[in-house]
Each structure stands twice: as structure tokens, then as C-alpha cells.
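The following note concerns the structure shown below. Comments are given as numbered points.

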Amino acid sequence: MKRNQSAEDYLECILLLSRESEFVHRVDVARKMKVSQPAVQKAIKILQEKNYVECDGLHIHLTLDGEAYAHDVYDRHCIIRKFLKLHGVPELDADNDACEFEHAISEASFTMMKKYVDEKTVTEDK
């Protein structure tokens with residue numbers, strides 16, 4: 001699947017907001033992403049067309065496909081952030097860089113990072 005940074009950012013944001021609150025509103029997404037409400041409205045329309053989100057008027061809900069995609073993006077973000085931190089990158093830089101890398105990294109590079117993080121995590125747990 002071709003990766004779409006904007007769609008992935010919105011899905012990740014909706015996923016994280018849904019972990020904080022039962023209901024996700026457009027205004028919450030706008031605040032968290034630091035974008036306008038019309039920008040959120042446009043993005044939500046596109047995500048609805050792709051069957052990633054559903055709206056009941058006020059609330060945004062991830063569909064099963066949307067939730068799976070959002071989890072994939074967030075997992076990539078977390079693995080990349082951990083990889084960078086394991087290599088001495090400060091937390092804030094690692095998080096900001098992971099936001100960019102998660103959309104552009106090749107599957108081969110991501111697999112290498114995941115393997116490295118998994119091995120380090122297992123080693124540290126012993």
C-alpha cells in the first residue's frame with residue numbers, strides 16, 4: 001500500500017485521542033495536530049471515502065481497517081523512536097524524527113530497526 005503521510009498523521013492522531021477519551025471530536029484533532037477545523041473536515045471526508053473512519057455527526061470513530069492502519073503507523077513510530085533513543089538521540093528529537101521517518105522508511109530499513117529494538121529489549125529484560 002502506498003503510504004500517505006497526511007492520512008497516516010490523522011489516523012494516528014485519532015487513535016491516540018481515542019485512547020484518552022471515549023469520544024473524538026474534530027476540534028480535538030485540530031488542536032492536537034495544530035491545524036484548522038476546515039483542514040480536519042477535509043481530511044475526515046477523505047478518510048471516510050477510504051473507509052478508515054466513520055462519523056456519527058459529532059464523533060469520529062476508526063473503522064476496523066482504519067484502526068489496523070493507525071496501529072501500524074503508531075507501531076512504526078514507536079519502534080523508530082526506540083531505535084533512535086537506543087542510539088543516543090534525545091527523546092524529543094527521537095519523537096520528532098520518528099514522525100517523519102515512519103512515513104518514508106523502506107520496509108527493509110524498518111525491519112532492521114524492529115529486529116534491533118526487539119533484540120535490545122529482550123537483552124535488557126534479562
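1. The lining of the largest pocket divides into 5 nonpolar, 3 polar and 7 charged residues (Ala, Val, Leu, Ile, Met, Phe, Trp, Tyr, Cys and Pro count as nonpolar, Asp, Glu, Lys and Arg as charged, and the others, Gly among them, as polar). The volume of this pocket is about 380 Å³.

2. The model is predicted: local features need pLDDT of at least 70, side-chain atom pairs count only at pLDDT 80 or more, and totals for chains, interfaces and linings use all residues. Numbering starts from 1 along each chain as its sequence is written, and side-chain values use heavy atoms, with hydrogens and water left out.

3. Glu 12, Leu 16, Lys 32, His 77 and Cys 99 are the closest to the pocket centre among the 15 lining residues. At least two lining residues come from each of α1, α2 (26-33), α4 and α5 (91-104); α1 gives the most, with 5 residues.

4. Helix α1 (residues 5-20) packs against helix α4 (residues 64-86) at an angle of about 95 degrees, the axes being 8 Å apart. The two are therefore roughly perpendicular (65 to 115 degrees). On the α1 side, the contact (heavy atoms within 4.5 Å) includes Glu 8, Leu 11 and Arg 19, and on the α4 side Tyr 69, Val 73 and His 77. The residues of this contact comprise 7 nonpolar, 3 polar and 3 charged.

5. The end C-alpha atoms of α4 are 33 Å apart, which agrees with the 33 Å that its 23 residues should span at 1.5 Å a residue. Just after α4, Gly 88 has a positive phi of about 90 degrees.

How values were computed. Axes are lines fitted to C-alpha atoms, for helices over the stretch in contact, and angles run from 0 to 180 degrees between N-to-C directions. Helices (H or I, at least four residues) and strands (E, at least two) are DSSP runs, numbered from the N terminus. Angles under 35 degrees count as roughly parallel, over 145 as roughly antiparallel, 65 to 115 as roughly perpendicular and the rest as oblique. On a 1 Å grid over the protein atoms alone, a cavity is a set of points where a 1.4 Å probe fits but cannot get out, and a pocket is an open set with protein on both sides within 12 Å along at least five of seven lines; lining residues have an atom within 4 Å of a point. Grid points are joined across faces, edges and corners, and a volume is the space filled by probe spheres set on the points. The expected span of a helix is 1.5 Å times one less than its number of residues.
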